Amino acid sequence: MTTTPSFLEDPSDTRDAIMRATYFALCKHGYADLTIQRIADEFPKSKSLLYHHYDGKDDLLLDFLEFMLEQQKERIPAKRSSGSPRDHLNAIFDRVFVSPIPDDYRDFSRAMVELRAQAAHDEKYRNHFTRSDDFFREVITRVIQSGIDEGTFHEVDPEQVTEFLLMTITGAMTKRVTTNNETLETARDELDAYVRFRLLADEESASQ
């Protein structure tokens with residue numbers, strides 16, 4: 001059974017209820033087999049209400065993606081309240097490289113990869129994922145810059161390192177739901193080695 005994310009447990013308005021229904025339908029059916037009817041099957045109100053707010057499946061899914069990005073922006077603070085910059089990078093890596101992956105998280109990850117694939121030929125999807133990547137790029141760059149400012153990290157180009165990390169994270173998320181190869185632990189080990197030797201200041205990396 002798909003676990004309900006905390007921010008979808010108690011929908012406060014019609015949009016939240018639609019987003020909750022979309023989440024469950026997307027996890028069950030993926031993008032290709034998703035229909036307005038299957039979203040309506042998860043929606044406690046009438047199917048006609050979905051068409052009142054949205055022109056069709058893709059219009060609804062683009063709003064769902066926007067909703068999920070809004071949630072990420074609310075849940076990720078502008079500044080960290082505790083922990084070191086390395087702790088924050090590890091927290092990000094832990095969310096991506098969790099193993100074994102729970103079934104519901106795998107289903108949602110698979111659906112998100114399908115949605116990202118639409119960006120190859122649909123400008124609206126491409127614009128969304130560009131903005132989404134820009135947000136996470138800003139978050140990671142801020143973490144790296146704070147590590148440089150505190151002397152925890154070497155004087156690197158934060159944007160260049162961030163781009164490498166984002167490419168690695170995106171590749172890991174895609175590979176884990178599109179192949180049968182279980183290589184995440186190896187990739188995580190190499191990513192940790194990259195952080196030690198590329199980012200950590202000499203005195204800290206020597207202690208690892």
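Helices H5 and H8 run roughly parallel to each other, a label for angles under 35 degrees. This is a predicted model, in which local features need pLDDT of at least 70, side-chain atom pairs count only at pLDDT 80 or more, and totals for chains, interfaces and linings use all residues. Residues are numbered from 1 along each chain as its sequence is written, and side-chain values use heavy atoms, without hydrogens or water.

H5 covers residues 85-96 and H8 residues 158-178. They pack at about 20 degrees, with axes 10 Å apart. H5 contributes Leu89, Ile92, Phe93 and Val96 to the contact (heavy atoms within 4.5 Å). From H8 come Leu165, Ile169, Ala172, Met173 and Arg176. Of these residues, 8 are nonpolar, none polar and 1 charged.

Now to the aromatic rings. The structure holds 5 aromatic pairs (ring centres within 6.5 Å). In one, Phe64 and Phe108 have centres 6.5 Å apart and planes at 80 degrees, so the pair is edge-to-face (over 60 degrees). Phe64 sits in helix H4 and Phe108 in helix H6, 44 residues apart. Phe64 is buried (under 20% relative accessible area), at 0%. Phe108 is also buried, at 14%.

Phe164 and Tyr194 form another pair, with centres 4.5 Å apart. Phe164 lies in H8 and Tyr194 in helix H9, so the pair ties together parts 30 residues apart in sequence.

Definitions and conventions. Axes fitted to C-alpha atoms, helices over the stretch in contact; angles between N-to-C directions. Helix = DSSP H or I, 4+ residues; strand = E, 2+ residues; numbered from the N terminus. Parallel < 35°, antiparallel > 145°, perpendicular 65-115°, else oblique. Nonpolar A, V, L, I, M, F, W, Y, C, P; charged D, E, K, R; others polar. Phe/Tyr/Trp six-rings, centres within 6.5 Å; stacked < 30°, edge-to-face > 60°. Buried < 20%, exposed > 50% of the residue type's maximum accessible area, 1.4 Å probe, protein only.
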